[in-house]
Amino acid sequence: MSETRLDLEQHSELGRPDFIILIVTLILLGFGLVMIYSSSHHIAYWEHQDSAYFLKRQLVWAFLGLLMLYITMNIPYRLYRKLVPVILLVLLVMMVLVLVPGFGLKEKGAQRWLNLGVVTLQPSEFVKLGLIMYLASIYSKKQGYISQFKRGVLPPLVIVGLFFGLTLLQRDLGTASMLMLFTFVILFCAGARMRHMLALGLMGFLMVGIFAVTQPYRLERLTAFLDPWADPLDTGYHTIQSLYAIGNGGLWGMGFNNSIQKQFYLPEPHTDFIFAVVAEEWGLVGVIGVLLAYLVLILRGIQLSLHAPDAFGMLLGIGISGMIGIQALINIGVVSGLLPVTGLTLPFLSYGGSSLLLNLVSTGILLNISRYAVQNRRKESHHEQNPSQTETL
């Protein structure tokens, strides 16, 4: 009997999806929709003569994303292990098509979007989840020789390097950096040696460095955050306006819909810099609330993943939790002037259909893993209470 068939037969025995992860996700999603309207209605009316233009579009993606969350929450996570080759092939084709004129769309100097006629998608968003599935699958099989660099660590990184390169060709350094970072998270959790990870880290940063210095404007943008006031009207403009917004917020904020910076001062207030609008309108109290929500979501995801019944489930759950956490950390670091501007959205809060759909699908998978984790914890508790009994598989 196949593993997938066994999962389907045991479906009725699974625990319920984790309530904490589900509630925190819905809170972040709901708050995100509120903030998308608040941060975008001036721009929406100016560009589309409809102050709710971006909110309406995000609501459609939220509905689709919640539907996919419900579906993936009920699909046995082990099924993805068998689908990994197909998933990677589809993602590879989509990433190549983005670079083909007529299929790929170029906006603001970057060619990252695929024109599907009715909608546009950003394939690099879904590459994150696809690579997490791949790395979780392959490294869960290599547990016996994960300490060997050539046999255990290196081969899967060829695939990661391929998608890393295609992402850089789309001028998406932020997503490329994310691919590198959560690859290290999965490697660490899989048991790779620290010296191997350090060597790979140096190689990755060297590649990013070469990419940055090949064009002077890239290096300027990457280092502008160190002193944004040196070029306040160009490379430092985003950071300066974001810091103004954060400063305006103070402790309690200026109140909902009262942000000044979103009124054509702060670039991308409803996407990359929505956290600055949160800080301006809700103050330090609102910022702490959002940070706590992400912290609870990430820590709860990791905690449940550690109780998954197999290495694949553990690595997949930790990879998804790490993906959400790393992206939130980078986005908040950019908004607060601690990191260079990368173009990464804030999970669940920022406007963007591809990003929202990815995060809700990923959360659905995490919730499915939580169901098996609950079942596994029951078995562990049963063994502790009845050590003399053995379970027949």
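1. Six aromatic pairs turn up in a search of the whole structure. Rings of Phe, Tyr and Trp (its six-membered ring) pair if their centres lie within 6.5 Å; planes under 30 degrees apart count as stacked, over 60 as edge-to-face and the rest as tilted. This is a predicted model: local features need pLDDT of at least 70, side-chain atom pairs count only at pLDDT 80 or more, and totals for chains, interfaces and linings use all residues. Residues are numbered from 1 along each chain as its sequence is written, and side-chain values use heavy atoms, with hydrogens and water left out.

2. Start with Tyr 77 and Phe 312. They are stacked, 6.0 Å centre to centre, with 25° between the planes. Tyr 77 is in the loop between helix 3 (53–73) and helix 4 (79–98), while Phe 312 is in helix 12 (residues 311–335), 235 residues apart. Helices (H or I, at least four residues) and strands (E, at least two) are DSSP runs, numbered from the N terminus. Both residues are buried (under 20% relative accessible area, 1.4 Å probe, protein chains only; exposed is over 50%, partly exposed in between).

3. Tyr 77 also pairs with Tyr 372. The ring centres are 5.1 Å apart and the planes at 90°, so this pair is edge-to-face. Tyr 372 lies in helix 13 (residues 353–385), so the pair ties together parts 295 residues apart in sequence.

4. Strands pair if DSSP finds at least two bridges between them. Four bridges join strand 1 to strand 2 (residues 110–115).
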